Amino acid sequence: MKSIDICLSPDLMHLYEVQDKAVVVVDILRATSCMTTALAHGVAAIRPVAEVQACEALGKEGYLTAGERGGEKIDSFNFGNSPYEYQSADIVGKKIAVTTTNGTRAISLSEGARQLLIGSFLNLSTLASYLNEQEHNILIVCAGWKGFVNLEDTLFAGALAEQLTAKFTQACDSTLAAISLYHSAKHNLKRFLQNSSHVQRLQHLNGDRDVTFCLKLDEYEVIPVLKGKELVKLEL
Ligand code: MLT
């Protein structure tokens, strides 16, 4: 039987093999929610990079630039990291290079996976249906915050794992823990997260609207997939 693992922080990646797996990277607040939103609204491709300088260099090659450090937009970039910035007609057909504090780092640590997919609550059911039909073992990589575990990514991992357990065995207890946490939270995710570290951080950055949006279930039927160096819409 296929297995499902959850890596609760990128700093635990040394414990997991990615080569033979479909890896789902998740950074609910807000990187992977933004990526899902951008592709759903017609962005042609997203180039995730771990470093600000690499993103700036891609800007000179014609990409729009996006991202944040510590949650705050990088001054010289075109966009920050709010999902509302990726819902405009102006981005249709464009390519965007993006760097974020944790999300793009988690993606870069997952390169080498058999398949690298992007998860968020916004595409939860589409992702679960797709993965249930695949033959590969799955690893969900939570971006966390600077190596620390966070609640929102763990909740998403639990929500996704719960939809997969009929066809997958759980390889380590993080999967059981995440599913159990999701059960405690699912009736009101926003209230459950109200004291969490990144929700608190985003309050100082007027991010309440973003948090509400990023917790919406099944807003989109798209799955971002890494092709070469760019995330594009997976053909379903
Ligand atoms: C990250 O990648 O760390 C986040 O997306 C931070 C943020 O909320 O902007």
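The sections below describe the model by topic, beginning with the ligand.

## Ligand site

The structure is a predicted model. Its ligand is surrounded by 13 residues, and the closest of these are Asp27, Asn81, Thr100, Asn102 and His198. Classified by residue type, the shell consists of 7 polar, 3 charged and 3 nonpolar residues.

| Residue | Protein atom | Ligand atom | Distance |
|---|---|---|---|
| Asn81 | polar side-chain atom | oxygen | 2.7 Å |
| Gly103 | backbone N or O atom | oxygen | 2.8 Å |
| His198 | side-chain N or O atom | oxygen | 2.7 Å |

On its own the ligand has 270 Å² of accessible area, and the protein covers 100% of it.

## Cysteines

How many disulfides does a search of the whole structure find? The search returns 0 disulfides. A disulfide is a covalent bond between the sulfur atoms of two cysteines, and the cut-off applied here requires the two sulfur atoms to lie within 2.5 Å.

For Cys7, the closest cysteine sulfur belongs to Cys142, and because the separation is 7.3 Å, the two are too far apart for a bond. Cys7 is buried, its relative accessible area being 0%. For Cys34, the closest cysteine sulfur is that of Cys214; at 6.0 Å, this pair is likewise too far apart for a bond. Cys34 is also buried, with a relative accessible area of 3%.

## Helix α4

Helix α4 spans residues 124–132 and is mostly covered, with 7 of its 9 residues buried. The buried positions are Leu124, Thr126, Leu127, Ala128, Tyr130, Leu131 and Asn132.

Against which elements do the buried residues of α4 pack? Their partners include the strands β1 (2–7), β2 (21–26), β7 (115–119), β8 (137–142) and β9 (168–170). Helix α5 (151–162) is a further partner of these buried residues.

## Backbone geometry

The peptide bond that leads from Leu29 to Arg30 is cis, with omega near 0 degrees. Arg30 belongs to the loop between β2 and α1 (31–40).

Positive phi values occur at two residues described here. Lys146, which is not a glycine, has phi near 50 degrees. This residue is placed in the loop between β8 and α5. Is Lys146 buried or exposed? Its relative accessibility is 54%, so Lys146 counts as exposed.

Asp218 is likewise not a glycine, and its phi is positive at about 55 degrees. The loop between α9 (208–214) and β10 (224–227) holds Asp218. With a relative accessible area of 35%, Asp218 is partly exposed.

## Selected residues and their contacts

Ser9 is located in the loop between β1 and β2. Its relative accessibility is 1%, and Ser9 therefore counts as buried. The side chain of Ser9 reaches the backbone nitrogen of Asp11 at 3.0 Å. When residues up to four places away in sequence are not counted, Ser9 touches Cys142, Gly147, Phe148 and Val149.

Ser33 is part of helix α1. With a relative accessible area of 0%, Ser33 is buried. Apart from neighbours within four places in sequence, the residues in contact with Ser33 are Asp27, Ile28, Ser120, Leu122 and Cys214. Among them, Asp27 is also one of the closest residues to the ligand, while Cys214 holds the cysteine sulfur closest to that of Cys34.

Val52 lies in helix α2, which covers residues 52–60. Which residues are in contact with Val52 once its neighbours within four places in sequence are left aside? They are Arg69, Ile74, Phe77 and Thr99. Val52 and Arg69 are 17 residues apart along the chain, and their C-alpha atoms are separated by 8.9 Å. The relative accessible area of Val52 is 22%, so this residue is partly exposed.

Conventions
Residues numbered from 1 in each chain as written. Predicted model: local features only at pLDDT ≥ 70, side-chain atom pairs only at ≥ 80, totals over all residues. Heavy atoms only, no water. Near = heavy atom within 4 Å. Polar contact = N/O pair within 3.5 Å; in protein donor to acceptor, adjacent residues only side chain to side chain. Areas by Shrake-Rupley, 256 points an atom, 1.4 Å probe, with all protein chains shown as cover. Nonpolar A, V, L, I, M, F, W, Y, C, P; charged D, E, K, R; others polar. Buried < 20%, exposed > 50% of the residue type's maximum accessible area, 1.4 Å probe, protein only. Helix = DSSP H or I, 4+ residues; strand = E, 2+ residues; numbered from the N terminus. Contact = heavy atoms within 4.5 Å.
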